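Dear colleague,

I am passing on a structure that I would like you to look over. The model comes first, and my notes on what was found in it follow.

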Amino acid sequence: MAGGIGSRFWPVSTTQFPKQFHDMLGTGQTLLQKTFSRLNKIVPEQNMQILTNERYLDICLSQVPEITESQVVLEPAMRNTAPCILLAALKIHKENPNGVMIVAPSDHWIEDEGAFQNDLEACFNACTEQDILVTLGIHPTFPNTGYGYIESDKQDDALLKKVLQFREKPNYATAKQFIAEGNFFWNAGIFIWSVNSIIKAFKEMMPAMYHLFSEGITSLNTQKEKAFIDISYPNAENISIDFAIMEKAENVLVKKATFDWNDLGTWGALHDKITDNSTENAVVRAIPHLRDAKGNMVYTSSEKLVVVDGLDDYIIVDKENVLLIFPKKKEQDIKQLLGEVKETFGEDYT
């Protein structure tokens with residue numbers, strides 16, 4: 001899935017060029033390219049689909065030349081994750097009724113790709129044999145209030161544990177309680193299931209959406225597909241897969257991930273990924289000269305000398321026509337700030 005805007009990574013992430021198409025860590029690969037290469041070790045490239053907004057078709061094809069245009073499923077309107085997942089499942093089912101699919105966001109960072117592959121293979125095997133919906137849960141390392149949580153059954157000692165419930169982003173005290181309980185995981189938004197199981201779930205829990213898309217099954221994977229999607233997709237409910245299916249279904253299991261994970265959702269998350277502790281300065285691409293400064297996130301779009309003196313815990317981003325200097329503790333406000341900038345200065349800066 002590569003259709004999000006990533007507004008909390010403004011000014012680097014914009015509506016025209018979101019964060020998944022940027023090399024956020026300065027590795028030489030964009031987040032989309034890194035996700036594709038990671039999955040390509042498990043899934044043949046011809047079996048992959050990129051789900052994204054129609055405005056990003058050319059970017060996807062230029063960054064991932066291994067795929068064809070027919071493998072880019074274009075959303076004519078932003079409708080969250082449930083509609084695009086159902087559409088992808090129906091397309092795969094038409095080609096392979098016994099297929100098993102993984103749904104993975106394009107903006108995650110995973111270090112141990114071997115462990116990731118082992119976890120997926122265990123989930124693939126289970127989903128081939130059982131009517132289950134599987135999610136990968138991340139063992140929480142601190143009481144993070146920015147993630148949703150998954151509560152598993154304490155009494156279940158299987159590799160894939162029964163999910164009791166999904167919990168929305170908690171306050172700090174509740175997050176501490178979750179960690180103390182020992183059976184809660186961060187919700188990474190990575191899902192594995194057979195196409196039969198997820199389509200069945202949509203039939204039962206989202207019948208209107210299933211009916212909307214099933215009317216065009218004969219058009220899927222043909223030249224008529226785009227016309228059908230352009231007409232039908234905007235009529236789909238705007239809802240996430242979590243609310244639509246995962247929080248309602250009775251056959252949801254969670255596999256504890258054995259790999260390190262970062263969803264790179266904010267500048268602070270990028271800082272944490274780059275540094276070992278909160279007092280270090282994290283630098284991407286800049287040539288830093290930092291004095292009496294700690295805990296800063298410094299990012300430049302090109303190699304540029306950046307001099308900082310007497311500043312702690314700030315986000316400092318230099319990108320062409322925008323310079324952002326913003327307290328890291330207020331990073332969740334960047335989304336609201338973006339709206340203010342758009343209203344005041346227009347779309348050229350957003």
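In these notes a residue is called buried when its relative accessible area is under 20%, exposed when that area is over 50%, and partly exposed in between, with a 1.4 Å probe and protein chains only. Please bear in mind that this is a predicted model, in which local features need pLDDT of at least 70 and side-chain atom pairs count only at pLDDT 80 or more, while totals for chains, interfaces and linings use all residues. Residues are numbered from 1 along each chain as its sequence is written, and side-chain values use heavy atoms, with hydrogens and water left out.

**Salt bridges**

A salt bridge here is a side-chain nitrogen of Lys or Arg within 4 Å of a carboxyl oxygen of Asp or Glu, and by this rule the count comes to 18. Helices (H or I, at least four residues) and strands (E, at least two) are DSSP runs, numbered from the N terminus.

One of the salt bridges joins Asp23 to Arg285, with the closest N and O atoms 3.8 Å apart. Asp23 belongs to the segment before α1 (31–39) and Arg285 to the loop between β11 (282–284) and β12 (287–291), so this pair ties together parts that are 262 residues apart in sequence. Asp23 is buried, at a relative accessible area of 17%, whereas Arg285 is partly exposed, at 28%.

Another salt bridge is formed by Glu111 and Lys273, whose closest N and O atoms are 2.6 Å apart. This pair also links distant parts of the chain, since Glu111 is in the loop between β4 (109–110) and α4 (113–129) and Lys273 is in helix α10 (residues 267–274), 162 residues apart. Glu111 is partly exposed, with a relative accessible area of 45%, and Lys273 is partly exposed, with 22%.

In a further salt bridge, Asp313 pairs with Lys328, the closest N and O atoms being 3.9 Å apart. Asp313 is partly exposed, with a relative accessible area of 37%, while Lys328 is buried, with 14%. Elsewhere, salt bridges that share partners join Lys34, Arg38, Lys41 and Glu113 into one network.

**A nonpolar patch**

Ile287, Leu305 and Val307 make a nonpolar surface patch of about 300 Å². Ile287 is found in strand β12 and counts as partly exposed, at 42% relative accessibility. Patches are made of residues with over 30% relative accessible area and no salt bridge, with nonpolar side chains (Val, Leu, Ile, Met, Phe, Trp, Tyr) joined within 5 Å and like charges within 9 Å.

Terms used: Accessible areas come from the Shrake-Rupley method with a 1.4 Å probe; for residues, only the protein chains shown count as cover.
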